[in-house]
Amino acid sequence: MRYLTFALLLMAPLFASATIKPVDQVVVYKSKGLMQLKRDGRVVKSYKVVFGENPRGHKTRQGDERTPEGRYTLDWKNPQSRFYRSIHISYPNKADRARAAKLGVNPGGDIMIHGMKPQWKGMEKYLQKMNWTDGCIAVTNREMDEIWAMVKTPTPIDIYP
């Protein structure tokens with residue numbers, strides 16, 4: 001009986017994640033370094049987030065280290081990301097591609113919400129105090145596990161300045 005109880009305790013996180021009701025919107029406020037997961041208009045969970053080294057303004061081209069602004073979709077998940085786990089943001093959209101074409105630049109892509117490289121364990125608090133990504137939205141790996149469980153694809157994401 002003791003072994004059965006122990007086994008059930010080990011499996012509890014699996015059962016908990018299976019019963020989590022998904023959120024229906026993600027909202028990011030770049031100026032506040034804040035991401036909110038919402039369900040039916042109510043904030044379910046908030047996270048401190050960091051961005052690229054050049055966070056102000058809308059992403060316009062590959063390599064500008066900016067996070068896009070506007071409405072996008074979280075459209076697929078990568079469980080094997082270099083940055084622990086990641087959820088893809090549907091940048092660039094049609095307007096982003098048109099703007100980049102007008103400027104004669106590549107709009108870039110591969111913008112994600114992601115965790116941190118496993119070898120960075122122990123540096124999470126330090127990394128959450130500075131913008132270090134290439135334009136993605138970064139959280140700790142523990143937070144990424146929560147987000148992963150609550151965000152199904154597709155889910156809308158609104159990113160504000």
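The dialogue below concerns this predicted model.

Q: Which strands pair with β8, and in what sense?
A: Strand β1 (residues 25-29) runs parallel to strand β8 (residues 155-160), and four bridges join them. Within this pairing, V27 is opposite D158. Strand β4 (residues 70-78) is antiparallel to β8, with five bridges, and G70 faces I159 there.

Q: How is a pair of aromatic rings described?
A: The distance of the centres and the angle of the planes describe such a pair. In this model there are five aromatic pairs. One of them is Y29 with Y160: the ring centres are 5.5 Å apart and the planes lie at 15 degrees, so the pair is stacked. Because Y29 belongs to strand β1 and Y160 to strand β8, the contact ties together parts 131 residues apart in sequence.

Q: What is the geometry of the pair F83 and W132?
A: Their centres are 5.9 Å apart and their planes are at 40 degrees, so this pair is tilted. F83 is in the loop between β4 and β5, W132 is in the loop between α3 and β7, and 49 residues separate them. F83 is buried at 14% relative accessible area, and W132 is buried at 13%. Together with W120, these two residues form one aromatic cluster.

Q: Which lysines lie over the face of a ring?
A: K32 lies over Y29, 5.2 Å from the ring centre. K77 lies over W148, at 4.8 Å from the ring centre.

Definitions and conventions
Residues are numbered from 1 along each chain as its sequence is written. This is a predicted model: local features need pLDDT of at least 70, side-chain atom pairs count only at pLDDT 80 or more; totals for chains, interfaces and linings use all residues. Side-chain values use heavy atoms; hydrogens and water are left out. Two strands pair if DSSP finds at least two bridges between them. Helices (H or I, at least four residues) and strands (E, at least two) are DSSP runs, numbered from the N terminus. Rings of Phe, Tyr and Trp (its six-membered ring) pair if their centres lie within 6.5 Å; planes under 30 degrees apart count as stacked, over 60 as edge-to-face and the rest as tilted. Buried means under 20% relative accessible area, exposed over 50%, partly exposed in between (1.4 Å probe, protein chains only). A charge sits over a ring if NZ of Lys or CZ of Arg is within 6 Å of the ring centre and within 35 degrees of the ring normal.
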